[in-house]
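Let's learn to read a protein structure together, one feature at a time. Please have a look at the sequence and the model first.

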Amino acid sequence: MPGTAAPRPSRTGADGELRPSAAEIYLEVRRSPAFQEVRRRYRRFVGPATVLFLAWYLGYVVAATTAPGLMARPVVGAVNVAMVACLGQFLTTFVLTWAYARHARVHRDRAALELRWDTQQMTREAGVDR
């Protein structure tokens, strides 16, 4: 990646054995299929969720500015379409937060934790200080 520092070269341990640096270990983990799968699962949820939420939000803002008559239309008593849509924004935020946390728990957390433990084990075995 441009702008990132090159990893320090491998070093020799006290026993004369060649050991990888921390940067080399983390780059190896980053290139691993397990890490790529965790990132793919993250992007597959976050990308569409972000697009849908922004479209919903911008739709609300555009409707509020270009169709004030529609937004002022009463739904029940003094509650109008704008109020319902505004409350829908809050509800959407909470639902999206719940869905993200559930998706992370079900689809990514276990794999990410395993990667973390594997990385820590690799750095311990290499005698690398983080």
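The dialogue below goes through salt bridges, an aromatic pair and a surface patch.

Q: What should I know before I start?
A: This is a predicted model, where local features need pLDDT of at least 70, side-chain atom pairs count only at pLDDT 80 or more, and totals for chains, interfaces and linings use all residues. Residues are numbered from 1 along each chain as its sequence is written, and side-chain values use heavy atoms, with hydrogens and water left out.

Q: How many salt bridges does the count come to?
A: A salt bridge is a side-chain nitrogen of Lys or Arg within 4 Å of a carboxyl oxygen of Asp or Glu. By this rule there are two salt bridges. Arg 40 meets Glu 37 at 2.5 Å, N to O, and Arg 41 meets Glu 37 at 2.9 Å, N to O. Because they share partners, these salt bridges join Glu 37, Arg 40 and Arg 41 into one network.

Q: Where do Arg 40 and Glu 37 sit along the helix?
A: Helices are DSSP runs of H or I with at least four residues, strands are runs of E with at least two, and both are numbered from the N terminus. Arg 40 and Glu 37 are three residues apart in helix 2, so about one helical turn separates them. Arg 41 and Glu 37 are four residues apart in helix 2, again about one helical turn.

Q: Which aromatic residues form a pair?
A: Rings of Phe, Tyr and Trp (its six-membered ring) pair if their centres lie within 6.5 Å; planes under 30 degrees apart count as stacked, over 60 as edge-to-face, and the rest as tilted. The count comes to one aromatic pair. Phe 45 and Tyr 100 form this tilted pair, 6.0 Å centre to centre with 50° between the planes. The pair links distant parts of the chain, with Phe 45 in helix 2 (residues 33–66) and Tyr 100 in helix 4, 55 residues apart.

Q: Is Phe 45 buried or exposed?
A: Buried means under 20% relative accessible area, exposed over 50%, and partly exposed in between (1.4 Å probe, protein chains only). Phe 45 has 17%, so Phe 45 is buried. Tyr 100 is partly exposed at 34%.

Q: Which residues form the nonpolar patch on the surface?
A: Patches are made of residues with over 30% relative accessible area and no salt bridge; like charges are joined within 9 Å, nonpolar side chains (Val, Leu, Ile, Met, Phe, Trp, Tyr) within 5 Å. Here Val 75, Val 76, Val 79, Met 83 and Val 84 form the patch, with about 410 Å² of accessible area together (Shrake-Rupley method, 1.4 Å probe; for residues, only the protein chains shown count as cover). Strand 3 (74–76) and helix 4 (81–126) are the elements that give two or more residues to this patch. Val 76 lies in strand 3 and counts as exposed because its relative accessibility is 59%.
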